[in-house]
Structures are given as structure tokens and as C-alpha cells.
Amino acid sequence: MLQVARLAPRQLGESRDLVAAFLRARVNPDGGFQDRAGGSDLYYTVFGLDALIALQEAPPAEPTATYLDGFHDGAGLDLVHLACLARGWAALRRQPDAALVDRLLARIEAFRSDDGGYATTLLAHGSVYGAFLAMGAYQDLGRPLPSAEGVVKSLQRLRAADGSYGNHPGLQSGVTPATAAAVLVLRHLDAAPDRAAGLWLLDRCHARGGFHASCSTPVPDLLSTATALHALSALHVPLGGLCDPCLDFVDSLWTNRGGFFGTWADDNVDCEYTYYALLALGHLSLDPS
């Protein structure tokens with residue numbers, strides 16, 4: 001994802017410096033990046049780091065490393081934040097020592113579900129989001145994902161009746177971010193999803209650009225747009241006529257403060273949606289053919 005996000009400056013043009021300045025302004029003195037309330041937050045720190053790297057800007061290495069060190073081996077963190085801790089170290093290109101990696105991954109394995117997947121909370125069944133986070137954490141920490149076949153079986157149970165994916169089994173229809181994540185995880189594990197997932201994602205594209213989160217969501221959003229574009233690219237689906245309206249959609253969410261809103265109804269900009277804007281712009285800078 002980060003590799004594609006690095007292409008975003010092609011579309012940003014002169015606005016690139018404003019985006020970089022916005023991201024740097026979100027770094028608190030302790031090295032953490034701000035959440036929407038202004039406090040340092042591990043989740044937003046990952047997006048801030050990756051967004052700066054996508055712009056080929058040096059991240060605030062020393063203060064942020066000190067901030068990450070404060071979480072030690074991730075004791076008390078949930079799966080989301082354990083994965084963020086692993087991603088933060090990878091973004092800074094600082095591999096923790098082997099003993100610390102072992103402890104971090106042991107905590108991640110505590111979220112392994114009964115069906116072989118991973119759950120973001122201690123549930124009996126895995127979720128697509130959990131599988132995506134766990135796979136990313138193992139990649140960031142330089143270890144192979146154990147019992148990958150269990151993850152594949154868990155994801156297969158999360159396929160909805162209409163070919164999409166959700167975070168619970170037995171759904172009639174899933175959601176765009178989960179469907180996109182399932183496509184990426186399955187492809188990485190050499191278990192390609194069927195064509196229905198790609199077609200379902202294409203159907204979520206709004207006439208004015210952007211992608212809806214679900215069949216019933218009235219307006220598109222930036223998270224769904226970026227993840228759908230990324231998954232469709234992984235499936236080698238030509239974007240063709242989607243590019244111009246999607247560029248217009250992303251542009252409609254930019255502010256001269258340098259950040260991006262998540263939707264047309266949003267009134268706050270943050271590191272997370274700014275990163276997703278860069279990911280979307282990276283894909284939209286590629287040759288649509």
C-alpha cells in the first residue's frame with residue numbers, strides 16, 4: 001500500500017508541501033501523532049508516519065521512537081494497537097530485538113479465534129479486519145504468518161451471500177473495507193477470491209466518484225474509496241472511466257490546511273484520512289489501461 005501511496009505527489013502537485021506541513025503539525029512533543037482531539041495516539045501515529053513516508057519526507061524518528069518505546073511489549077493493547085505498534089517500528093525501520101518480537105507476536109496470537117482466524121476482540125470467530133491486521137503485523141516484524149490455512153478458512157466463512165465480505169459470518173451483504181481487505185489477505189496467502197468480490201466493489205462506485213461503504217450507505221467515503229481502488233488494482237481490474245470522477249471526489253475532500261476530510265459530511269481533517277487520500281491518489285496516478 002505504501003509503495004502505491006508514494007505516487008500521490010504526481011496528483012498533488014504544488015499542494016504536496018501543504019500536506020507535508022499539515023502532517024508535521026500533527027506531531028506532539030512526545031513524538032506521537034495527534035488524534036482528532038489533539039492527544040497523542042498510537043493508531044493515528046501509524047497513519048502519520050506512513051503518510052510522511054509516502055511524501056518522501058523523513059519521519060520524526062527520535063521522538064517517535066521514544067513514544068513507541070513507551071508501549072514496551074504491547075501489554076494491555078488490543079489487536080489493533082498491537083498491529084499499530086509493529087507497523088510503527090517498521091515505518092521507522094527499527095526492528096525490535098528477537099525477544100521483544102516474540103512477546104509482541106505472542107500477544108497477537110492471543111487474538112487467534114476458534115475458527116483459525118483473528119478477532120479484534122476475544123470472539124469465537126475471526127474477522128476480516130483481524131486477519132488483515134495480524135498478517136500486516138507479522139510482515140512488519142519479519143516473521144511468517146503461522147497456520148495460514150486457518151486464516152483462509154476463517155475468511156471463507158465471512159463471505160456474504162452477494163459475494164462481498166463482512167466481519168461476521170452469515171451476512172447477506174458485506175462492506176467495502178472488509179471486502180477489500182479480504183481480497184488482499186487471500187491473494188497474499190495464494191487463495192485468490194472469486195470474481196464476485198471485484199464486481200461487488202465496482203458496483204459500490206458513486207456516479208460522482210468515490211466508493212460507498214455498503215449497499216445501503218448514501219454517500220461515498222475516503223476509506224472505502226482508497227481500499228476499493230487498492231483491491232481492484234490487486235485483482236487487475238482496469239479502472240478506466242473511474243479515474244476522473246474519483247480524482248474529483250478526492251479533491252472535493254481536500255482543504256487548504258493540507259489535510260483531507262473523510263466524507264462530504266465531515267468537518268475534521270486527520271492523519272488517517274490524509275493517508276487514505278494519498279493511497280487513492282497513488283492508484284489514480286497510474287495508467288488506467
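Asp-115 is buried, with a relative accessible area of 18%; buried means under 20% relative accessible area, exposed over 50%, and partly exposed in between, with a 1.4 Å probe and protein chains only. Its salt-bridge partner is Arg-157, with the closest N and O atoms 3.1 Å apart. A salt bridge here is a side-chain nitrogen of Lys or Arg within 4 Å of a carboxyl oxygen of Asp or Glu. The pair links distant parts of the chain, 42 residues apart: Asp-115 is in the loop between helix H7 (98-109) and helix H8 (128-140), and Arg-157 is in helix H9 (residues 148-157). Arg-157 counts as partly exposed, at 43% relative accessibility.

This is a predicted model, in which local features need pLDDT of at least 70 and side-chain atom pairs count only at pLDDT 80 or more, while totals for chains, interfaces and linings use all residues. Residues are numbered from 1 along each chain as its sequence is written, and side-chain values use heavy atoms, with hydrogens and water left out.

The count of salt bridges comes to 13.

| Salt bridge | N to O distance |
|---|---|
| Asp-17 and Arg-16 | 2.8 Å |
| Arg-36 and Asp-266 | 2.8 Å |
| Asp-115 and Arg-157 | 3.1 Å |

Arg-16 and Asp-17 also belong to a salt-bridge network with Arg-24 and Glu-57. Within it, Asp-17 is exposed at 51% relative accessible area, whereas Arg-16 is buried at 18%.

The protein chain has 14 helices and zero strands, helices being DSSP runs (H or I) of at least four residues and strands (E) of at least two, numbered from the N terminus. Buried residues make up 56% of its 289 residues.
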